[in-house]
Amino acid sequence: MNEREILVCPPRDFVWTKLAAGQSQTQTIEEHIDCSPYDQADLVVRVHTDATIPCFVQVNLRSDGFTHDDPGQDFFSDVLGTITLTGDQTAPKYVTDTFTDGLGAMLAVQVVAKQHDSTATTFTARLSIGLVLRKT
């Protein structure tokens, strides 16, 4: 068991229409991803169609301290790693980064959208997200 590939999010349209100027929104896409046998995580983001991103969209990787003793509570670490998409992203675009510090036993993946500080506009992105877990 040297490598495991996980499709965290198949191609999906993310549309932000009601995000006010200066605000951000965080969506947890997947959590409780078992990474205990691995010591490296490659976060993979694909932009499938041209995206209109006025400020930024981030895909964040966090350690997840989920416990069955308190299943209704999120225990996410600080962000372990981020892939940031800004401006007009021309598709197809493939972005990947490798993270090794602080993985813990489980991971969570979140998408964060940030609106411009001065104006609010609708923005969209068709993304898919994957993880490749490795034992080095």
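Here is a walk through the structure, from its overall build down to a handful of single residues.

What you are looking at is a predicted model, in which local features need pLDDT of at least 70 and side-chain atom pairs count only at pLDDT 80 or more, while totals for chains, interfaces and linings use all residues. Residues are numbered from 1 along each chain as its sequence is written, and side-chain values use heavy atoms, with hydrogens and water left out.

Let's start with the fold. The protein has 7 strands and 0 helices; here helices (H or I, at least four residues) and strands (E, at least two) are DSSP runs, numbered from the N terminus. Going along the sequence, that reads β-β-β-β-β-β-β. The radius of gyration is 15 Å, close to the 14 Å that the globule rule gives for 136 residues, so the protein is as compact as a globular protein of that length. That radius is taken over C-alpha atoms, and the globule rule is 2.2 Å times the number of residues to the power 0.38.

How is the chain packed? Contact means heavy atoms within 4.5 Å, and among contacts between residues at least 6 apart in sequence, 84% join residues at least 24 apart. Buried residues make up 40% of the 136 residues. For that label, buried means under 20% relative accessible area, exposed means over 50%, and partly exposed is in between (1.4 Å probe, protein chains only).

The accessible surface comes to about 7,100 Å², and 44% of it belongs to carbon and sulfur atoms. These areas come from the Shrake-Rupley method with a 1.4 Å probe; for residues, only the protein chains shown count as cover. As for charge, there are 10 positive and 18 negative charges, and their mean positions are 6 Å apart. Lys and Arg count as positive and Asp and Glu as negative, with His and the chain ends not counted. Each charge is placed at NZ of Lys, CZ of Arg, CG of Asp or CD of Glu.

Next, the aromatics. How many aromatic pairs does a search of the whole structure find? The search turns up 2. In Phe14 and Trp16, the ring centres are 5.9 Å apart and the planes sit at 15 degrees, so the pair is stacked. The cut-offs behind that word: rings of Phe, Tyr and Trp (its six-membered ring) pair if their centres lie within 6.5 Å, and planes under 30 degrees apart count as stacked, over 60 as edge-to-face and the rest as tilted. Phe14 is buried, with a relative accessible area of 3%, and Trp16 is buried with a value of 3%. Trp16 also forms a stacked pair with Phe123, at 5.0 Å centre to centre and 25 degrees between the planes. This pair links distant parts of the chain: Trp16 is in strand S1 (residues 3-16) and Phe123 in strand S7 (residues 123-134), 107 residues apart. Phe123 is buried, as is Trp16. Put together, Phe14, Trp16 and Phe123 form one aromatic cluster.

Stay in strand S7 for a moment, where you will find Gly130. Gly130 counts as buried at 7% relative accessibility. Leaving aside neighbours within four places in sequence, Gly130 is in contact with Ile6, Val8, Asp42, Leu43 and Val44.

Strand S2 (residues 24-34) holds His32, which has a positive phi of about 60 degrees although it is not a glycine. His32 counts as partly exposed, at 34% relative accessibility.

Past S2 comes the loop between S2 and S3, the place of Ser36. Ser36 is partly exposed at 46%, and touches Gly104 and Ala105, not counting residues up to four places away in sequence. Its C-alpha atom is 9.9 Å from that of Lys135, 99 residues apart along the chain. Tyr38 is in the loop between S2 and strand S3 (40-64). Is Tyr38 buried or exposed? Tyr38 is buried, with a relative accessible area of 7%.

Last stop: Thr86, in strand S4 (residues 76-89). Thr86 counts as partly exposed at 43% relative accessibility. Not counting residues up to four places away in sequence, Thr86 touches Ile53, Cys55 and Phe56.
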